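Subject: Handover of a structure and its findings

Dear colleague,

Please find the structure below. I should be grateful if you would read the notes that follow with the model open beside them.

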Amino acid sequence: MTTGATLTAVGRPLPRVDGRAKVTGSGRYAAEYTLPGTVYAALVGARTACGRVTGIDTRAAEKAGGVLAVLTHRNLPKIAGPPPLLPSLAGHAAPGESFFPMQDEGVHYFGQPVAMVIADSYERAQFAARQVHVDYERSASVTTLEEGRDQAYEPETIFAGFLPARSVRGDVEAGFRAATQRLDATYHFAANHHNPIEPSATTAVWDGDRLTLYDATQGIVASQNTVAALLDIPPSKVRVRAPYVGGGFGCKAMIWPHVTLAAMAARHVRRPVKLALTREQMFTSCGHREEQEQRIELGATNEGRLTALRHHKLSLTSPFDDWAEPSLGIASQAYACPDYEGVYRLIRGNTMTPTFTRGPGETTGMFAMECLMDELAHRIGVDPVQLRLRNHAQSDPHTGHPWSSDGAEECYRRGAARFDWHSRNPEPRSRRDGNWLIGTGMATAGYPVFFPMQPQRARARLYSDGYAVVQAGTQEFGTGSATVMTQVAADALGIPVENVRFEYGDTDLPNVAATVGSAGAGMISAAVHTAATALRDQMVEQAVADPASPLHQADPAAVVVRDGRMELPDRPGGVESYRDLMQRHFMTDMEALGSWSPPPPNVPYGLATFGAQFAEVAVDPDLGVVRVRRMTGAFAPGRILNAATARSQVMGGMLWGIGQALLEGTVVDTRDGRWANASLGEYLVPVNADAPDVDIEFVEVPDPVVNPLGVKGLGEVGMVGAAAAIANAVFHATGYRARELPIRIEHLL
């Protein structure tokens with residue numbers, strides 16, 4: 001049963017409910033939980049990329065002040081079994097790689113944990129860790145694409161088995177024969193790392209056979225189930241808490257070995273253990289976006305209609321997992337191209353398994369696609385926006401199914417109008433501002449809509465004083481989910497938003513899946529909405545069954561709920577407040593558990609979020625310096641839950657695009673497999689001085705398929721296409737086509 005409620009909170013730019021706790025420092029993060037008797041763990045990482053440990057001398061470390069234990073493969077207990085790779089979307093175990101360190105003497109990548117020191121202070125643990133001496137027998141390693149190019153192979157599947165490595169539709173060779181225009185380009189992408197403000201950390205404490213973890217994670221249930229599986233204990237005996245998480249960007253979506261190692265250390269010394277990764281260890285412990293190369297070929301008519309698309313990706317994975325970020329998804333769906341071939345090829349290298357990284361896959365795949373589309377537009381003399389409009393897929397090209405909702409064409413038009421796109425002279429190097437060359441570029445944004453694989457649950461409890469508590473076992477890692485779920489619950493219950501408290505960050509609460517792939521807002525809001533609506537319906541049913549109620553014997557579907565009152569608009573005096581009803585029945589509270597089941601995998605719709613990106617750059621022709629002056633983005637993410645947090649999410653993604661285009665790249669020292677710039681001093685990210693004016697517009701399109709509120713998610717789509725728009729603007733300014741990211745000064749000199 002569904003009764004009416006007035007939407008007064010959803011969509012409004014309400015301030016964040018956790019804002020005060022964050023700015024005052026009262027909100028505690030995983031590394032800030034210092035329980036009585038807490039001691040500290042420090043990891044010792046391998047100093048070679050490949051080989052085996054031939055000796056570990058721990059005597060100096062064991063004699064250091066405050067040291068309780070030194071664990072290595074010789075005395076660390078064995079895990080219950082090899083970790084499964086990726087069932088995080090199912091909400092179950094979600095290790096970051098199907099490998100667990102310190103089980104034998106083998107070394108597979110630089111920084112792999114080979115020892116762990118536990119001491120009575122953080123400083124003593126770090127000092128003692130430096131006293132551990134490790135000898136290695138080194139073997140030949142593969143740490144770059146060039147080193148392993150002759151070893152490339154095509155796997156059956158990628159992405160932990162979720163996606164096939166080869167996808168074909170139509171006859172791509174026939175499509176190329178029909179083309180009068182053919183373009184072929186190869187793009188190289190440096191490895192990227194995440195670098196959230198809060199490094200990963202876990203505090204572990206045992207109480208008998210029960211384990212509590214305070215973990216910096218994007219999936220508390222995934223942490224719970226992963227650690228339980230590796231330690232062979234029931235998940236019911238593992239509790240994970242994560243009330244505040246200082247950013248994730250994908251590195252906290254998977255459950256990396258340090259989480260379980262903290263639990264093993266705590267069990268070994270029988271005291272609470274805190275394990276916080278150093279900034280350098282964040283580069284070797286939490287995955288990354290892999291180094292990759294993409295070759296893309298386009299066939300088109302002279303009018304610019306695509307006839308064929310071949311997109312091949314080559315990337316570096318770990319020795320144990322067939323991992324590639326899914327770069328060929330939206331690039332193969334955004335345009336109505338009948339003949340297509342997409343292939344992933346891998347090289348097994350001496351690196352840890354890569355992982356989700358800020359718009360995983362689509363940011364790189366769409367960079368290649370959108371740069372080549374811009375090249376096609378320039379070659380045939382068609383406006384780049386018009387070329388996209390001409391080729392936009394009205395349905396999913398893979399299946400022929402209609403989109404659950406679209407909005408792409410409106411995004412192109414509105415974005416172009418806001419950016420004043422049509423006033424540009426399309427000729428490169430045609431505009432200057434003093435000595436600066438000025439250029440503008442655009443690109444398509446897109447990101448798939450993901451669903452978890454099991455029901456999502458939440459609980460709502462209404463008290464007789466008119467206040468409500470809504471609970472869901474999710475986590476807040478900076479996206480504003482606690483705020484928007486408060487708004488969703490308030491509207492579903494029909495009470496003021498200030499009367500709702502949203503509780504989260506604890507596996508003792510009703511479970512939801514890990515918040516990955518921009519799925520968080522959709523799945524959590526669906527669970528919260530379902531629970532709060534069920535509670536509202538209970539209250540209405542109680543009222544219409546009560547002879548003393550003004551709503552007695554009314555049709556429940558006719559009841560409208562707002563401001564904590566149930567009303568019959570057509571019945572004079574037909575108003576009953578929650579408070580009066582509950583007090584009359586001597587009820588202190590009423591609650592409901594809501595469970596939302598996502599659509600099945602074979603839902604007959606194409607599922608994606610679309611948008612359009614525009615950028616203006618200035619390039620100094622003498623120095624090769626690029627400055628992004630302004631950016632405009634128009635996006636169609638379904639219903640907007642909070643205008644302020646949504647804008648913040650998309651703006652963050654667009655600024656990430658500056659990092660992808662111009663700054664970010666991790667460089668490996670091939671002598672030992674070490675990341676050579678593993679610090680925020682040398683791994684460059686955009687700062688305030690790099691941030692341009694950012695203009696954002698949302699095109700709200702109803703979507704009855706994805707979930708009850710029509711929320712598609714927008715955490716990732718803001719980054720997709722941003723780097724391509726910048727690179728296309730650099731071409732417009734200079735005539736230089738970027739084939740490598742990041743675009744460096746030396747490329748432009």
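Helices (H or I, at least four residues) and strands (E, at least two) are DSSP runs, numbered from the N terminus. With that in mind, helix α6 is followed by Asp-232, whose phi is positive, near 60°. This is a predicted model, in which local features need pLDDT of at least 70 and side-chain atom pairs count only at pLDDT 80 or more, while totals for chains, interfaces and linings use all residues. Residues are numbered from 1 along each chain as its sequence is written, and side-chain values use heavy atoms, with hydrogens and water left out.

Helix α6 has 12 residues, 220–231. The expected span of a helix is 1.5 Å times one less than its number of residues, so α6 should span 16 Å, and the 17 Å between its end C-alpha atoms agrees with this.

How many of the residues of α6 are buried? Here, buried means under 20% relative accessible area, exposed means over 50%, and partly exposed lies in between (1.4 Å probe, protein chains only). By that rule, 11 of the 12 residues are buried, and α6 is mostly covered. Among the buried residues are Ile-220, Val-221, Leu-230 and Leu-231. The cover over the buried residues of α6 includes β12 (201–207), β13 (210–215), β14 (238–241) and α7 (257–269).

Two strands pair if DSSP finds at least two bridges between them; β13 and β14 pair in the parallel sense over four bridges. Within this pairing, Val-238 in β14 stands opposite Leu-211.

The loop between β14 and α7 holds Gly-247. Gly-247 counts as buried because its relative accessibility is 10%. Contact means heavy atoms within 4.5 Å. Leaving aside its neighbours within four places in sequence, Gly-247 is in contact with Pro-196, Lys-252 and Phe-477. The C-alpha atoms of Gly-247 and Pro-272, which are 25 residues apart along the chain, are separated by 24 Å.

A sheet of six strands

An open sheet with mixed pairing runs in the order β10-β18-β17-β16-β11-β33. Strands β10 (166–169) and β33 (740–741) stand at the edges; each has a single partner strand, so one side of each is left without a neighbour in the sheet. The partner strand β11 (residues 181–189) pairs with β33 in the parallel sense over two bridges. The bridge partner of His-188 is Glu-740 in β33.

Salt bridges

Side chains of opposite charge can pair when their charged atoms come close. A salt bridge is a side-chain nitrogen of Lys or Arg within 4 Å of a carboxyl oxygen of Asp or Glu, and a search of the whole structure finds 47 of them.

In one of them, the side chains of Arg-295 and Asp-184 meet with 2.5 Å from N to O. This pair links distant parts of the chain: Arg-295 is in strand β16 (residues 292–300) and Asp-184 is in strand β11, 111 residues apart. Arg-295 counts as partly exposed, at 41% relative accessibility, and Asp-184 is also partly exposed, at 40%. Both belong to a network of salt bridges that includes Glu-154, Arg-166, Glu-173 and Arg-182.

Glu-370 forms a salt bridge with Arg-388, the closest N and O atoms being 2.9 Å apart. Here, helix α9 (residues 362–380) holds Glu-370 and helix α10 (residues 384–391) holds Arg-388, 18 residues apart. Are these two residues buried or exposed? Both Glu-370 and Arg-388 are buried.

A further salt bridge joins Arg-744 and Glu-746, at 2.9 Å from N to O. Arg-744 counts as partly exposed, with 33% relative accessibility.

A buried serine

Ser-525 lies in helix α13 (residues 520–544) and is buried, with a relative accessible area of 0%. Apart from neighbours within four places in sequence, the residues in contact with Ser-525 include Met-485, Val-488, Leu-641 and Leu-709.

A colleague
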